[in-house]
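Subject: Structure handover

Hello,

Here is the structure I promised to pass on. Please open it first, then read the notes below.

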Amino acid sequence: MKANRSDRPVIRPLPVMDRARQVTDALADYVEEARLKAGDRLPAERELMTALAVGRSTIREAIRHFQALGVIETRKGSGTYLLKPVSRATIHMPLSFDTAHDVLLQTLEVRRGIECEAGMVAARRRTSTDLVIIEEKLNAMERVHLEKGTSGPEDLAFHLAVYDAAHNPLFRQLLEQMRETFERFWAHPFDRQDFARRSFPFHRTLFNAIAAGDPETARTETLKILAIVEEDIKEMSK
């Protein structure tokens, strides 16, 4: 007997992409490709509408996004001007900073509270499977670190495993986004191979605290790691 067509699941149309987000990305690409500097004028509203084939409200929404980030200003009767250079990689996080190390330090302030909480929750909720995964990532990090003196990607993998052990997807989503800022420096942070190297031993003690189900010690060890990162950012930015 043939199945009734009305019983079949419905394949629904895909949602229309966020047009304002597309305009924001396009503007960021334009600024980067045109190598615009602070003080340079952006194309007029009508010119953007024609070039991007979108309405005035979409253009204005994208402009408001840039204004909220503090990277452009609109001068009545004159036009819209760039206050700080932008790129697609940076427009979706706060940009009102003067230097790269300002970005890192202010991101670190926010990250500290969330990352400490993630470690504490992981110590309470981790499963035996979580511990196996975290230790595998830690062993890989330690191996690469001892061979090369640095282990950026492996360090990230270790911390992501800790976030996953908290069994709250928001920890990974939030912290992964904030850590993207730091990842840009990880190949050779500040052109220094030894960036945050002193934090290396505390990753093992953090794992031990999580394995022991000790939230307070997990918090303490996380703070030690982040304190060294902060110290090195300040030192290398002098």
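**What was found**

Buried residues account for 41% of the 238 residues in the chain. Please keep in mind that this is a predicted model. Its mean pLDDT is 81, and 77% of the residues reach 70 or more. Among the elements, helix 8 (residues 200-211) has the highest confidence, at a mean of 96. Helix 7 (residues 169-183) has the lowest, at 75. Over residues 93-99 the pLDDT falls below 50. Even so, that stretch has 18 contacts in the model beyond near neighbours in sequence.

**Overall layout**

The chain has 9 helices and 2 strands. From the N terminus, the order is α-α-α-β-β-α-α-α-α-α-α. Of the contacts with a separation of 6 or more, 71% are between residues 24 or more positions apart.

**The hairpin**

Strand 1 (residues 72-75) and strand 2 (residues 79-82) run antiparallel, joined by 4 bridges. Arg 75 stands opposite Gly 79 of strand 2. The hairpin has 3 residues between its strands. Gly 77 takes a positive phi there, near 80°.

**The cores**

The largest nonpolar core has 26 residues. Ile 134, Phe 158 and Ile 210 have the most contacts inside it. Two or more residues come from each of helix 4 (100-125), helix 5, helix 6 (152-165), helix 7, helix 8 and helix 9. Helix 6 gives the most, with 7 residues.

What does Phe 158 touch, leaving out residues up to four places away in sequence? The list is Ile 134, Lys 137, Leu 138, Met 141, His 203, Leu 206 and Phe 207. Another core, of 17 residues, lies apart from the largest one. Met 49, Val 54, Ile 59 and Ile 63 are among its members.

**Helix 5**

Helix 5 covers residues 128-148, 21 residues in total. From first C-alpha to last it reaches 30 Å, close to the 30 Å expected at 1.5 Å a residue. Its buried residues are Asp 130, Leu 131, Ile 134, Leu 138, Met 141, Glu 142, Val 144 and His 145. Ile 134, Leu 138 and Met 141 are also on the contact list of Phe 158. After helix 5 comes Gly 149, with a positive phi near 85°.

**Helix 9**

Helix 9 (residues 215-236) has 22 residues. It reaches 32 Å from its first C-alpha to its last, close to the 32 Å expected at 1.5 Å a residue. Which residues of helix 9 are buried? They are Pro 215, Ala 218, Glu 221, Thr 222, Ile 225, Leu 226, Ile 228, Val 229, Asp 232, Ile 233 and Met 236. These cover an arc of only 155° around the axis, so they sit on the same side of helix 9. The general rule behind such a pattern: an α-helix has 3.6 residues a turn, so residues three or four places apart point the same way.

**Arg 56**

Arg 56 and Glu 45 are 11 residues apart in sequence. In space they are 7.4 Å apart, C-alpha to C-alpha. Met 49 also belongs to the core of 17 residues.

Best wishes

How values were computed
Residues are numbered from 1 along each chain as its sequence is written. This is a predicted model: local features need pLDDT of at least 70, side-chain atom pairs count only at pLDDT 80 or more; totals for chains, interfaces and linings use all residues. Side-chain values use heavy atoms; hydrogens and water are left out. The expected span of a helix is 1.5 Å times one less than its number of residues. Buried means under 20% relative accessible area, exposed over 50%, partly exposed in between (1.4 Å probe, protein chains only). The arc is that of the directions from the helix axis to the C-beta atoms. Two strands pair if DSSP finds at least two bridges between them. pLDDT is the predictor's confidence in each residue, from 0 to 100. Contact means heavy atoms within 4.5 Å. A nonpolar core is a set of buried Ala, Val, Leu, Ile, Met, Phe, Trp, Tyr and Cys residues joined through side-chain atoms within 4.5 Å.
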